[in-house]
Amino acid sequence: MQEAIQKHLAEIAAHTASTPEAVEQFRIHYLGRKGILNDLFEAFKAVPGDQKKVLGQELNKLKIAVQEKLESLQAAHASTSGKSEGIDWSRPTGALPLGTRHPLAIVRQEILDIFSRIGFTVADGPEIEDDWHVFSGLNFPPEHPARDMQDTFFIHKPTQEGEKEMVLRTHTSSVQVRAMENQKPPLRIVMPGRVYRNEAVSSRAHCQFHQIEGLYIDEGVSFADMKQTLQYFTQEFFGKAKIRLRPSYFPFTEPSAEMDVYWGLNSEADYRITKGTGWLEIMGCGMVDPAVLSASGIDPERYSGFAFGMGIERITMLRYQIDDLRMFFENDVRFLRQFQ
Ligand code: PHE
């Protein structure tokens with residue numbers, strides 16, 4: 001058997017095949033059901049135990065040699081086969097279509113850039129959150145109706161101690177709490193992210209959207225600082241600096257406001273999108289409630305701050321005059337390609 005293997009090894013090394021048919025014959029000769037390797041492995045069963053180790057290694061060597069030879073024969077025939085003849089491999093290809101950035105990503109980046117110019121850095125946090133970071137730490141008492149303002153998706157997360165109730169965060173304000181717990185003031189951060197609300201109001205409603213949150217905490221931060229910061233933002237982003245703050249309510253800010261920008265009434269579209277008022281609501285904001293500061297371990301006697309939050313979809317719709325939210329999620333390339 002030893003001799004037979006050596007003979008085959010020599011044969012294989014010297015073997016040539018001039019046609020694809022000859023390659024196939026080689027394959028059948030060695031690897032076919034009645035081929036040489038099968039015969040040898042069959043004979044191997046009868047080999048006495050003390051020779052099995054050495055012979056087994058030889059046999060494996062043969063098998064590998066056959067496979068390698070077959071691969072090299074096949075490769076040689078693939079590259080000389082008729083199909084590739086006459087192809088000029090050096091010819092340049094045509095331009096490949098380039099993807100474009102999603103309008104939401106463009107606007108998010110633009111907003112982050114605007115705030116980074118005045119010293120804000122970016123922070124983020126998890127989308128699956130606990131009650132504390134989404135509600136309790138933000139001064140939403142248990143059973144407070146404000147929790148219904150944001151229809152929450154509750155989920156059950158298996159842990160070693162049993163199931164834990166978690167929520168899909170309904171706003172990026174949860175990242176505020178994490179930042180205040182983990183960093184010492186001064187804090188100056190913007191927090192973009194995906195949020196979830198269980199809103200089956202209409203076919204236009206979407207259960208998932210994006211927000212950008214901002215937080216500024218330091219000694220002596222005032223409502224006027226907030227107004228100035230937001231005005232800087234609208235000036236940079238929309239090119240419009242006329243804003244107004246209307247009283248509003250959020251459990252985690254006091255006082256709270258809605259910030260509107262004066263859009264103007266220069267076209268028919270302006271009348272439609274501002275409902276004839278000229279004003280557009282852009283974001284919620286307010287001075288961080290002292291109770292929220294102390295819940296996160298920040299001394300409200302020493303520090304104060306403001307926060308704001310806006311929906312990226314809404315801002316993007318205004319920026320590009322898009323009037324159907326669904327465009328953002330359908331991924332129609334004819335739509336997406338318009339944003340270079
Ligand atoms: N979290 C609020 C919302 O989702 C927005 C907000 C953020 C308001 C920060 C005030 C301050 O509606």
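Predicted model: local features only at pLDDT ≥ 70, side-chain atom pairs only at ≥ 80, totals over all residues.
Residues are numbered from 1 along each chain as its sequence is written, and side-chain values use heavy atoms, without hydrogens or water. Local features need pLDDT of at least 70 and side-chain atom pairs count only at pLDDT 80 or more, whereas totals for chains, interfaces and linings use all residues.

Helices (H or I, at least four residues) and strands (E, at least two) are DSSP runs, numbered from the N terminus. Helix α2 spans residues 20-31 and has 12 residues. From first C-alpha to last, α2 reaches 16 Å, close to the 16 Å expected at 1.5 Å a residue. The expected span is 1.5 Å times one less than the number of residues. In α2, A22, V23, F26 and Y30 are buried (under 20% relative accessible area, 1.4 Å probe, protein chains only). Seen down the axis of α2, these buried residues fall within an arc of 105°, so they line one face of the helix. The arc is that of the directions from the helix axis to the C-beta atoms. On the other side of α2, P20, E21 and Q25 are exposed (over 50%; partly exposed lies in between).

Strand β8 (residues 253-262) is mostly covered, with 7 of its 10 residues buried. Strands pair if DSSP finds at least two bridges between them. Strand β7 (residues 243-250) runs antiparallel to β8 and is joined to it by 7 bridges. The two form a hairpin with 2 residues between them. F250 has T253 of β8 as its bridge partner. β8 also pairs with strand β9 (residues 279-288), in the antiparallel sense, over 8 bridges. Here E258 stands opposite G284 in β9.
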